[in-house]
Amino acid sequence: MDDDVTEDRARGLDAAHRAAVDFLGTLDDRPVWPRANLDDMLDAFGGPLADEGADAEAVIEEIARLADPGLVAIPGGRFFGFVIGGTHPAALAADWLVSAWDQNSGSATLTPTTVAMERVAGRWMLDILGLPDSSSVGFVTGCQMANFTCLTTARNAVLARAGWDLSEQGIRDSPRLRFVVGAHRHGSIDRAARFLGIGRQELLIVDSDDQGRMRPDALERILADASGPLIVCLQAGEVHTGAFDDFSSLIPIAQEHGAWVHVDGAFGLWAAASESLRPLTAGMAAADSWATDAHKTLNVPYDCGMAIVRDPADSIAAFRTGGDYLLYTSLDPWDVTPELSRRARGVPAWAALRGLGRRGVSDLIDRLHENAAAMAASLAAIDGIRVLNEVDYTQVMFRLDSDDATTALGEAVLLEGTAALTGAAWDGHAALRCSMSSWATTRDDIDRTVAAIRGLVVQATERR
Ligand SMILES: *Cc1c(COP(=O)(O)O)cnc(C)c1O
């Protein structure tokens, strides 16, 4: 490669480094919610494509100049919207290497370094989460794809047990498969079902309790009337309340009826990595598959989720590419996920785990929970605010006395800029939700956020 190209590349990387450090340096003080909207940013980046190109440094500097007003302070300590983690420093830096290395990580034969790191990261995770160590771990973009990957595997496996080879015989005349789901399942379960050709009317929906946990008596009743192949979808961490299904009661019921048990644990699976919070997940390891994210609780940069399946043979049956046009080794990443060409997502996961260590992961989960408890206590002390959930884990949900006031407070928080949280509907009413998912959140961040919210509530009360 000629010197000019080498130089251009180095300058581009230097410019990206500068821009990244500059952005990260603004996190403490910049408004958390973006100041610009999509139209502003389309104007900034739009216009016709220039005829002439530019060197890497110029491109990066242009991006840095234009991008800032539309960026969200997600990696900072006061972004509490949705369920979104920050970025652990080792994972962030490792993620840069992933791009520089440009390893197409579907095959162990082609890219041994990144596939090994992914496999080891997977094994470390199984270990700290207390899941069977021989499970397959497929790294995908997030928990939506992890749910889809696990449920595809489950569908093929339960049909195979019913004597139907889906790969050979296809879906059309297959035995009727039922998905059994909780009333408070995450929307990604419905989407996965849709991708798999399971209609909304075909879901068997089990009642939940007031925290969104599936009720064992209701599951018992639904399964007593169900026949044919069954997949029961349970949940570790309801998005609004953070509540965990009672696995010790539910899984034996599902298994008595021959069902495959899947656990959506996008952020909740990680409770198992904390000694004090592990009881929330009691009995969970008896399931057949588990879906989770590394980009939420583990604070790996986007995107990174994991599809975990107890018996790797089930994963292979669903995903291994037939024929001999691809190279085979023992267990390639493309044997356990729908993807072929792919980013080396295991590398930042390995780096986050290595950077934190076993104790660091456990401490991180504990701290997220402590932050949630502190936030809930401080919010509850504000006149007019009612906390709606039992704060067992990382989620805090609250409201004012009316839907309108609650929604208005949510909008005012984003505009005020100190913190970001997002809205929710709970029990037919508007609520606001605060998710503790970032390693970067400190007590000071919580104090600043509570002070800002208190100010806004007082202002609104005075205006009335
Ligand atoms: C976030 C979330 C998902 C979807 O995960 P993505 O990473 O956004 O694809 C699924 N289930 C639960 C419970 C979640 O919180």
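1. Helices (H or I, at least four residues) and strands (E, at least two) are DSSP runs, numbered from the N terminus. The model is a predicted one, in which local features need pLDDT of at least 70 and side-chain atom pairs count only at pLDDT 80 or more, whereas totals for chains, interfaces and linings use all residues. Residues are numbered from 1 along each chain as its sequence is written, and side-chain values use heavy atoms, with hydrogens and water left out.

2. Lys296 is placed in the loop between strand E6 (289–293) and strand E7 (305–309). UniProt, in an unreviewed entry, lists Lys296 for "modified residue: N6-(pyridoxal phosphate)lysine"; UniProt positions are given in the numbering used here, feature names are shortened, and annotations may be inferred rather than shown by experiment. Lys296 counts as buried because its relative accessibility is 13%, where buried means under 20% relative accessible area, exposed over 50%, and partly exposed in between (1.4 Å probe, protein chains only). Leaving aside residues up to four places away in sequence, Lys296 touches Val83, Gly85, Ala266, Phe267 and Ser437, a contact being heavy atoms within 4.5 Å.

3. Around the ligand there are 14 residues, of which Gln144, Asp264, Asp293, His295 and Lys296 come nearest; a residue is near a molecule or strand if one of its heavy atoms lies within 4 Å of it. By class, this shell has four nonpolar, seven polar and three charged residues, with Ala, Val, Leu, Ile, Met, Phe, Trp, Tyr, Cys and Pro counted as nonpolar, Asp, Glu, Lys and Arg as charged, and the others, Gly among them, as polar. Helix H6 (residues 143–161) supplies the largest share of the shell, three residues.

4. Individual atom pairs at the ligand can be listed as follows. An oxygen atom of the ligand is 2.7 Å from an N or O atom in the side chain of Asp293, and a backbone N or O atom of Gln144 lies 2.8 Å from an oxygen atom of the ligand. For His186, an N or O atom of the side chain is 3.4 Å from a nitrogen atom of the ligand. The protein covers 83% of the 380 Å² of accessible area that the ligand has on its own, accessible areas being taken from the Shrake-Rupley method with a 1.4 Å probe.

5. Thr153 is found in helix H6, and Thr153 is classed as buried because its relative accessible area is 0%. Residues up to four places away in sequence not being counted, Thr153 touches Trp260, Val309, Asp314, Ser315, Ala318 and Phe319.

6. The peptide bond from Tyr302 to Asp303 is cis, with omega near -5 degrees, and Asp303 lies in the loop between E6 and E7. Asn299 is also placed in the loop between E6 and E7; although Asn299 is not a glycine, it has a positive phi of about 60 degrees, and Asn299 is buried because its relative accessible area is 0%. Phe82, in the loop between helix H3 (56–67) and helix H4 (89–101), has a phi near 45 degrees, a positive value in a residue other than glycine. With a relative accessible area of 44%, Phe82 is therefore partly exposed.

7. Ala44 has its place in helix H2 (residues 38–45) and counts as partly exposed because its relative accessibility is 31%. The C-alpha atoms of Ala44 and Ile63, which are 19 residues apart along the chain, are separated by 9.6 Å.

Conventions: Polar contact = N/O pair within 3.5 Å; in protein donor to acceptor, adjacent residues only side chain to side chain.
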